[in-house]
Amino acid sequence: MPTRTTTPSPLLLALREGTRDCHKALEARLPFFSPGFDPAAYSCLLQAYYGFHAPLEARLASYQEPGRVKLPALSLDLQALNLSPADIDALPLCQALPSVHDEASALGVMYVLEGSTLGGQVLKKAMAERFGIGADNGAGFLDVYGERTASYWRSFLERLGQAPASAAAQAASVQAAVATFQLFEAWLGQRNVLI
Ligand code: HEM
């Protein structure tokens with residue numbers, strides 16, 4: 001996927017560098033490719049995703065364009081996997097979330113959530129091949145932007161490129177991104193959905 005057509009901004013480079021180890025650590029513990037993973041475990045994993053994304057998207061509301069909201073896709077996936085709207089409303093929600101208090105921290109959190117749509121392209125293929133679960137029957141979240149995945153990523157990178165370039169703002173974004181990875185991993189671990 002040609003996702004990098006322009007010179008990466010200093011902020012993008014800092015976010016990449018700062019979260020590389022976090023991404024590796026989380027990827028290694030996610031069960032998508034594990035031999036024992038099955039549709040029931042996939043449903044539990046998505047329920048845990050919901051518990052993190054629901055309150056976090058609410059925190060991002062004033063910073064994020066409405067078109068980037070991913071919760072409706074997660075909710076439809078869970079309904080396709082036989083949860084009722086009442087079941088979904090009753091899912092446990094993560095309390096330990098990254099703090100979002102300014103543009104810099106919001107950009108760090110959004111970098112993680114937007115970047116996950118890139119890995120989602122790999123995971124969507126795996127879920128279709130392994131379980132026949134596709135965008136219409138439980139994997140809509142993994143392909144939430146569909147054909148627009150690359151263009152959405154590019155426009156997010158443009159936003160990163162226009163962000164205030166002070167060292168303090170950059171450090172705050174990286175810190176928020178690292179916290180997002182770490183708190184997501186901690187939450188998924190607590191919900192017993194990691195390897
Ligand atoms: C097993 C699970 C995962 C796999 C296999 C995976 C794989 C990938 C791949 C292949 C890319 C690069 C895509 C490209 O450059 O076109 C990527 C990027 C990224 N992924 Fe993941 N990913 C996984 C889970 C996650 C999760 C759960 C998150 C965050 C919650 C995440 C956050 C990111 C970010 C932020 C980037 C962008 C890196 C950059 O280009 O700056 N990934 N992932």
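Me: Which residue is the protein donor of the ligand's iron atom?
Reply: His23. Its NE2 atom is the only protein donor, at 2.1 Å. Donors are N, O and S atoms within 2.8 Å of the metal (3.2 Å for Na, K and Ca). Water is not among the atoms, so sites may look incomplete.

Me: What kind of model is this?
Reply: This is a predicted model: local features need pLDDT of at least 70, side-chain atom pairs count only at pLDDT 80 or more, and totals for chains, interfaces and linings use all residues. Residues are numbered from 1 along each chain as its sequence is written, and side-chain values use heavy atoms, with hydrogens and water left out.

Me: Where is His23?
Reply: In helix α1, residues 10–29. Helices are DSSP runs (H or I, at least four residues), and strands are too (E, at least two); both are numbered from the N terminus.

Me: New topic. How many aromatic pairs?
Reply: Nine. Rings of Phe, Tyr and Trp (its six-membered ring) pair if their centres lie within 6.5 Å. Planes under 30 degrees apart count as stacked, over 60 as edge-to-face, and the rest as tilted.
One of the pairs is Tyr49 with Phe141. This pair is edge-to-face, with 5.6 Å centre to centre and 80° between the planes.

Me: Where do Tyr49 and Phe141 sit?
Reply: In distant parts of the chain, 92 residues apart. Tyr49 is in helix α2 (residues 39–60). Phe141 is in the loop between α5 (103–131) and α6 (149–162).

Me: Is Tyr49 buried or exposed?
Reply: Buried, with a relative accessible area of 8%. Phe141 is buried too, at 7%. Buried means under 20%, exposed over 50%, partly exposed in between (1.4 Å probe, protein chains only).

Me: What about Tyr49 and Phe184?
Reply: They also form an edge-to-face pair: 5.0 Å between centres, 85° between planes. Phe184 is in helix α7 (residues 167–190), 135 residues from Tyr49. Both residues are buried.

Me: Which residues form a ring cluster?
Reply: Phe32, Phe37, Tyr42 and Phe131, linked by ring pairs.
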